[in-house]
Amino acid sequence: MARGPRKHLKRLSAPKHWNLGKMGGIWAPHPSAGPHKLRECVPLTVILRDRLKYALTNKECMQICMERCVKIDGKVRTDHCYPAGFMDVIELEKTGDRFRMLFDTKGRFVLHRIQRDEAAYKLCRVNKVYTSANKIPVAITHDGRTLRYPDPDVKVNDTVKVDIATGKMSDIMKLELGAMVFVTKGGNTGRVGHLMHIEKHEGSFDIVTIKDMKDNVFATRLTNIFVIGSSNHPQVTLPKGRGIKKNILQERAEAVARGDL
């Protein structure tokens, strides 16, 4: 009889966006319990071994972490299966690398290299606002943070800019028409555009309409979007492609121009 959550993960059951080879073994690293869900994160082992190529084996990833070389959101993490998720800042001081976890337009996590000044903050989506037992107003963010005494203007689905060193919020980006949004779930994951319209559906999912920089219009659920700025000013730098999804004909034309085909 199984007791408690599973501690193992088969490679075939691992999320596809980890990009692990099917024939590379039976097992995959099982993310530890943490601020991001199992299917919405990447464990540190996959980042160090398969993405950055700083290690060849799981054992080497353990050694790198135990030597306190890896910081996530300003805190040293020694667990080699710690789950890193959307908007997390990963810092490797010995190599001088700093990355922010974002999505490409195919829905895969991408390690976007950033400068030191940008690594000092992150954006957090507000998932819940309530008053706690001692009548303290509290906001809960997408990465499990509890912000006490938030600005009274903060509402669910807004985004707050959080200083990593202090954990205090500094700026609010409201969910409003014209806001710049990043799609974090669904078939349009990784796309960036401006919010055009919000359809309310009582008892079902609210639907939003988004227009990207090339004037392509698409729709997704309200819960799938993350405000990253106002008008044309994102608060974080965007990965290659700037969140504009290309169709297969455009991708092929670019491959031919590069000489890959």
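Which residues does histidine 36 touch, not counting residues up to four places away in sequence? In this predicted model, histidine 36 touches Cys41, Pro83, Ala84, Gly85, Phe86, Asp88, His142 and Asp143 once those sequence neighbours are set aside. Histidine 36 has its place in the loop between β2 (27-28) and β3 (41-43), and because its relative accessibility is 9%, under the 20% limit, histidine 36 counts as buried. With one of the residues it touches, aspartate 88, there is also a polar contact, made from side chain to side chain at 3.1 Å.

The sheet comes next. Five strands form an open sheet in the order β5-β4-β7-β8-β9, and their pairing is antiparallel. β5 (75-76) and β9 (109-113) stand at the edges, where each has a single partner strand, so that one side of each is left without a neighbour in the sheet. The partner pair of β8 (residues 97-103) and β9 is joined in the antiparallel sense over five bridges, and within it phenylalanine 99 stands opposite arginine 113 of β9.

As for isoleucine 47, leaving aside its neighbours within four places in sequence, its contacts are with Val42, Leu52, Lys53, Ala84, Ile90, Met101 and Leu111.

Key: Residues are numbered from 1 along each chain as its sequence is written. This is a predicted model: local features need pLDDT of at least 70, side-chain atom pairs count only at pLDDT 80 or more; totals for chains, interfaces and linings use all residues. Side-chain values use heavy atoms; hydrogens and water are left out. Two strands pair if DSSP finds at least two bridges between them. Helices (H or I, at least four residues) and strands (E, at least two) are DSSP runs, numbered from the N terminus. Buried means under 20% relative accessible area, exposed over 50%, partly exposed in between (1.4 Å probe, protein chains only). A polar contact is a pair of N or O atoms within 3.5 Å; within protein, one must be able to donate a hydrogen and the other to accept it, and residues adjacent in sequence count only if both atoms are side-chain atoms. Contact means heavy atoms within 4.5 Å.
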